[in-house]
Amino acid sequence: MNSLKKAVITGATSGIGFALARALASSGREVLAIGRNAEQLALLAKEPAITTLCADIRENEEIIPDILAFSPDILVNNAGVGHGIDGLDNLPLHLIQEAIDINITAPITLTAALMEHMKTQERGHIVNIGSIAGLHNLYSALYGATKSAIHLFSQNLRTELSGSAVRVTEICPGRVSTGFFQAASGNQERLDNLSRSGIAELTPEDIANAVLYALNAPMHVNVATIEILPVQQAVGGMKLSASD
């Protein structure tokens, strides 16, 4: 393991975030796991290397002092919502705003709060959990727009930080076996149909391993973007085929 040892992860109470918090702790790092589900946080808190913070990442003024006090050298912007993943039609305005606030505003705000700290300590790694929906035309205008914003945020942030010792990685998963579609807001019938891919999907642990690969790279190496998909999923469309 390299010298990066203290990680903050948002959205740590389910799916990718939960698996990643445990993987980071198992790798010998201290973890500050942030999420809104107190019961899931209690499970993570049983592990000696994990400290938890039950909070909404949109409450910047409340959580940023706690994050800075933890003095992290890794920030994983993982929290996200899938509102409108089935389409924009008739989606309530407050859910549109919530998707923008959680998927775009929060990770940018947290990154801005930590950048100077990381540059001053001359080490740091910002990991943004994006999506193939941010790289390719799929089926969701809103979700695709939020993840596309994270893609260009990651690309331009890497340019801003050029010459510093702070690395930026974007992880862009395809289909992952989580409760993502069940937690999204939209037309329930369409969401149910989307949730059944019929293929061998990635697991949250697969994504956690991809993050660890980027984090564990030698300090002079920046793994910029990882696009990770199930073997049976093709990008550039939602062509899925189940094995016989």
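At roughly what angle do the axes of helix α1 and helix α2 cross? In this predicted model, local features need pLDDT of at least 70 and side-chain atom pairs count only at pLDDT 80 or more, while totals for chains, interfaces and linings use all residues. Residues are numbered from 1 along each chain as its sequence is written, and side-chain values use heavy atoms, with hydrogens and water left out.

Helix α1 (residues 15-26) and helix α2 (residues 38-45) cross at roughly 15 degrees, and their axes come within 11 Å. Helices are DSSP runs (H or I, at least four residues), numbered from the N terminus. Axes are lines fitted to C-alpha atoms over the stretch in contact, and angles run from 0 to 180 degrees between N-to-C directions. The arrangement of α1 and α2 is therefore roughly parallel (under 35 degrees). Their crossing is right-handed (near helix turned clockwise from the far one by less than a right angle). From α1, F18, A21 and R22 make the contact; from α2, Q40, L43 and L44 do (heavy atoms within 4.5 Å). This contact has four nonpolar residues, one polar and one charged.

Helix α1 also packs against helix α8 (residues 204-215), at about 50 degrees with axes 8 Å apart. On α1, the contact involves G15, I16, A19, L20, A23 and L24. On α8, P204, E205, I207, A208, V211, L212 and L215 take part. By class, the α1–α8 contact has 11 nonpolar residues, one polar and one charged.

Terms used:
Helix = DSSP H or I, 4+ residues; strand = E, 2+ residues; numbered from the N terminus. Parallel < 35°, antiparallel > 145°, perpendicular 65-115°, else oblique. Nonpolar A, V, L, I, M, F, W, Y, C, P; charged D, E, K, R; others polar.
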